[in-house]
Amino acid sequence: MSESLSSLLIGVLFGASLDLAGFGSPRRLNDQFLLRDFSMFKVMFGAIVLAAAIYLLMQALGFFPAPDSLIPTLDLAVLVGGFLLGAGLVVGGYCPGTALAGAAGGRLDALLFFGMMYPGYRLWVWLEPRMNLDFHAALAPSHLSMPDLLGTPRIGVLIGLGVACLLGWKLGDHFEARSAAKRAARRT
Amino acid sequence: MLSCLRSDRTLRPLFAAVLMGAVVGLSLLWTQTGIHVSGVFALLCPPATVEAAQAPNAFSCSIHSAAADKGWIAWMVGGIFAGAFLTSFWRSRGLRFAIERGEGVRPLTRLVLAAAGGLVVGVGSALAGGCTSSIGLTGSALFSVAAFAFLGVFFLGGFAARIFFGRFWNV
């Protein structure tokens with residue numbers, strides 16, 4: 001199968017998963033930051049743990065590993081960029097993937113958000129060479145992974161992540177129940 | 001028995017996480033690319049030099065990446081739109097155009113904020129060399145230290161912005 005077709009099919013499945021998770025809705029995404037609905041944390045963290053487990057299992061069965069280049073290098077650009085993405089999500093309601101899902105559901109605000117990402121992208125392309133700061137100086141060895149950093153086998157890191165995910169899930173349940181009780185009390 | 005769907009026909013978090021995790025895992029094993037969205041803009045921003053295309057984060061959705069061999073990202077982005085359209089159409093029993101906003105927020109205010117947020121996220125994606133899907137989901141599934149740091153500052157940025165902008169989402 002051609003690279004284009006396989007990418008298209010992966011895209012269709014991912015788009016469906018975003019919409020079915022409710023991530024096309026900026027209100028649901030922002031309920032995370034208002035501590036009312038932890039769906040974003042739960043789904044993202046759960047998906048990461050499951051994808052990592054599938055990947056490890058398939059590696060054990062002899063599948064080719066993904067290229068090292070998929071593992072980003074820690075630098076100032078990743079940290080500042082990540083911060084801006086989080087802030088932009090609260091200001092505008094979306095991140096890039098969820099904006100696509102929102103626009104596909106007929107949300108005009110999502111369409112505008114996604115369209116405005118391009119001027120933002122070009123703004124940084126124009127600005128970066130004019131700034132006297134090297135955002136891409138590595139803060140850690142290239143493509144550093146958690147097992148290398150911790151000196152732990154990958155299965156150990158997976159188990160640790162799974163436990164952290166369960167704890168975060170429970171904490172989310174607690175906040176959701178507290179928020180629901182508060183809102184119910186306000187209504188009565 | 002617990003239904004896997006909520007009242008708006010979206011999946012409960014556990015089922016949504018299983019579906020999304022399976023798709024991310026599949027993208028690592030089948031296309032070996034992971035999930036990318038903001039990289040589609042890199043196709044429109046060719047690298048300045050060959051050296052820049054060989055930078056450590058070159059494969060990610062980076063302005064430093066070689067545009068020529070990344071046409072598949074456009075197909076992936078088109079697929080994401082199509083997949084979300086199909087399920088949204090099924091969930092809503094049709095397509096309705098709307099401006100989704102918090103209670104009491106005027107449509108124009110919402111559009112201005114959406115535009116400003118898009119601009120900020122565009123800068124952030126170009127700077128980080130990726131987005132929540134490529135660095136956050138794909139990188140973390142590969143246990144990348146940078147990806148977990150990215151997710152940490154992503155949530156930090158969101159909570160920081162919530163201090164002023166959270167009121168626009170109150171319902």
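1. The contact between the chains draws 102 residues from chain A and 109 residues from chain B. Two residues are in contact if their C-beta atoms, placed from the backbone, lie within 7 Å. On the side of chain A that touches chain B, the elements giving two or more residues are α1 (3–20), α2 (26–33), α3 (39–60), α4, α5, α6, α7 (146–150) and α8 (154–187) of chain A. α1(A) gives the most to that side, with 17 residues. By class, the side of chain A that touches chain B has 66 nonpolar, 28 polar and 8 charged residues. Ala, Val, Leu, Ile, Met, Phe, Trp, Tyr, Cys and Pro count as nonpolar, Asp, Glu, Lys and Arg as charged, and the others, Gly among them, as polar.

2. This is a predicted model, where local features need pLDDT of at least 70, side-chain atom pairs count only at pLDDT 80 or more, and totals for chains, interfaces and linings use all residues. Residues are numbered from 1 along each chain as its sequence is written, and chains are lettered from A and ligands numbered from 1 in the order in which they are written. The model scores ipTM 0.96 and pTM 0.93.

3. Confidence in chain B needs a look by region. Among the elements of chain B, α7(B) has the highest mean pLDDT (97) and helix α3 (residues 50–53) of chain B the lowest (44). Residues 49–64 of chain B have pLDDT below 50, yet the stretch has 47 contacts in the model beyond near neighbours in sequence. Where pLDDT is low, the predicted coordinates should not be read in detail.

4. Chain B has 7 helices and 0 strands. Helices (H or I, at least four residues) and strands (E, at least two) are DSSP runs, numbered from the N terminus. Of its 171 residues, 55% count as buried. A residue is buried if 20 or more other C-beta atoms lie within 10 Å of its own, exposed if 12 or fewer, and partly exposed in between; C-beta atoms are placed from the backbone. Among contacts in chain B between residues at least 6 apart in sequence, 52% join residues at least 24 apart.

5. One helix pair spans the two chains. α1(A) packs against helix α4 (residues 72–92) of chain B at an angle of about 40 degrees, with the axes 6 Å apart. Axes are lines fitted to C-alpha atoms, for helices over the stretch in contact, and angles run from 0 to 180 degrees between N-to-C directions. The contact of α1(A) with α4(B) has 18 nonpolar, 9 polar and 2 charged residues.

6. Helix α6 (residues 108–127) of chain A also meets the partner chain. The buried residues of α6(A) include Phe113(A), Phe114(A), Tyr121(A) and Trp124(A). The buried residues of α6(A) pack against α4 (76–92) and α5 (96–104) of chain A together with α2 (39–42) and α5 (107–128) of chain B.

7. Arg9(B), in the segment before α1 (13–31) of chain B, has a positive phi of about 65 degrees although it is not a glycine. Arg9(B) counts as partly exposed because it has 14 C-beta neighbours inside 10 Å. Phe143(B) is not a glycine either, and has a positive phi of about 65 degrees. Phe143(B) lies in the loop between α6 (132–141) and α7 (145–165) of chain B. With 25 other C-beta atoms within 10 Å, Phe143(B) is buried.

Terms used:
pLDDT is the predictor's confidence in each residue, from 0 to 100.
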